[in-house]
Amino acid sequence: MVKRKTGRIGLLFKLLLVLALIGAGAWLYLQHERSGWRPTDEEYPDQGALVGEDDGAVDFKVLKGLGASFVYLEASRGARGKDANFSRNLAAAREAGLQVGAVHLFDPCETADGQSANYVTIVPRDADLLPPTIRLSRLADDCHERVSDAAVQSELLTLVNQIEAHTEAPVVLSPSARFEDRYRPARRLERSLWLDGDGEEPVYAGRPWTVWTANSVYASPAAEKPLRWLVVRP
């Protein structure tokens, strides 16, 4: 009786192990399929990538050869942070024949004045740049001092006006789903939207997007690390 029970336990263990291996294999396959996916050029002829310091070295000529027509470069963060590769990436992307835009990462814990001052010291006033983008992802919950939702919304509006005064171009707002749910920038500010949605068109802003992060882990020969792949609504 004991031997029979032990045999059943061993058989069950082997079955569970096989199922786990099958599941792991399926997960790896799906990850591989996801990393190589992007919308078709026929459906979205204007495609590109978001590039920042954490992405490491990027070959912009290879990126253009893959079908990219533009790149957005991370430029500034809050009131003090700057992307160490911005100037170099800007020159290299332009040399490769790509259109280029700059992204500022909004910090709800800091005032608009400090953030706009940080932005204008790294992003030149250049009419050839694509419309400036403000990335909105961090919430004010972890600020050292309490910041009300109304204060976040007010500082964001001020920052939008200040960056637009510098660039002489309308800002593109890029809220995450969490930021939009909390502060409602897409519903409060009439600006073009850049939304996230791996593999699926995003609808969380309540109105159509202009730029879509279609794949946040797009693997390509243009970079050692996966890039964030973007498409523009035709």
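How exposed is C109, by relative accessible area? C109 is partly exposed, at 29%; here buried means under 20% relative accessible area, exposed over 50% and partly exposed in between (1.4 Å probe, protein chains only). The model is predicted, with local features needing pLDDT of at least 70, side-chain atom pairs counting only at pLDDT 80 or more, and totals for chains, interfaces and linings using all residues. Residues are numbered from 1 along each chain as its sequence is written, and side-chain values use heavy atoms, leaving out hydrogens and water.

**View A. The disulfide of C109 and C143.** The structure holds one disulfide (a pair of cysteine sulfur atoms within 2.5 Å). C109 and C143 form this link, S to S 2.0 Å. The link is left-handed, with -85° about the S-S bond. C109 sits in the loop between β4 (99-105) and α4 (112-120), and C143 in the loop between β5 (133-136) and α5 (149-167), so the pair ties together parts 34 residues apart in sequence. Helices (H or I, at least four residues) and strands (E, at least two) are DSSP runs, numbered from the N terminus. C143 counts as buried, at 12% relative accessibility.

**View B. The largest nonpolar core.** This core has 52 residues. A nonpolar core is a set of buried Ala, Val, Leu, Ile, Met, Phe, Trp, Tyr and Cys residues joined through side-chain atoms within 4.5 Å. F60, L63 and I134 have the most contacts inside the largest core. α5 gives the most to it, with five residues.

**View C. Around I134.** Contact means heavy atoms within 4.5 Å. Beyond its neighbours within four places in sequence, I134 touches residues including H104, F106, L156, V171 and S174.

**View D. A second core.** This separate core of ten residues includes L50, F70, V172 and L230.
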